[in-house]
Amino acid sequence: MRIVGGEWRGRPLAGLGKGDPSAHLRPTTDRVRESLFNILEHGSFNDPIAGARVLDVFAGTGALGLEALSRGGGHATFIDNGRTAGRLISDNIARTGAGSRATLLRRDATRPGPLSDDPFDLVFLDPPYGTPLGQTALMALSDAGWLAPTALIVWEDAAPKTAPPGLEAVDQRRFGQTYVTFLRLAPGA
């Protein structure tokens, strides 16, 4: 596993190979990350990465948030309450030298609590596949004010996702067995 583009392109990351099922870790492959970031940077989203406050939820290894930092994101916050994930994220923050631009919050993403800083512009949501945790976390983050009014949410799962109340799907892509749904806050939400 490595950073696939930007300032840290080619930098190796601590990884799990094919994942750690007992810890519910399933890293986003380099190929999927490269395709996803090509869509973000060159698609119809007007490059939501440059200078963005990035939130990586169910962060696992932190690869999505670190990839965003490598490509010009301003600051990334990683949420994961797993021990293995916390160790991997910390290691990968150190490997990239992102320390001053990265924050690790070891907490349950479905109960994030109040936000003490500015809301996030770009949110990566990669919950354990086939669970309701993604929707629960997304609604909790929205209710607690973690999402900027123009936030773009990138939700990765094994099946296409339907937008929860207050959000609207703006695009959806399939990469092999992975579906990525792009969401924004619905007008008037």
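Analyst: Happy to! Let's start with a pair of residues: Phe-120 stands opposite Leu-147 in β5. The chain gets from β4 to β5 through helix α4 (residues 133–143), and this β-α-β crossover is right-handed (with the strands pointing away from the viewer, the path from the first strand over the helix to the second runs clockwise). Helices (H or I, at least four residues) and strands (E, at least two) are DSSP runs, numbered from the N terminus.

A word on the source: this is a predicted model, where local features need pLDDT of at least 70 and side-chain atom pairs count only at pLDDT 80 or more, while totals for chains, interfaces and linings use all residues. Residues are numbered from 1 along each chain as its sequence is written, and side-chain values use heavy atoms, leaving out hydrogens and water.

Strand β4 and β5 (residues 147–157) run parallel, joined by five bridges; strands pair if DSSP finds at least two bridges between them. Strand β1 (residues 53–57) also pairs with β4 in the parallel sense, over four bridges, and there Val-54 stands opposite Leu-122.

Is β4 enclosed or open? Five of its six residues (120–125) are buried, so β4 is largely enclosed by the rest of the structure. Buried means under 20% relative accessible area, with a 1.4 Å probe and protein chains only.

Finally, look at Val-154: leaving aside neighbours within four places in sequence, its contacts (heavy atoms within 4.5 Å) include Leu-122, Val-123, Phe-124 and Leu-125.

Methods. Buried means under 20% relative accessible area, exposed over 50%, partly exposed in between (1.4 Å probe, protein chains only).
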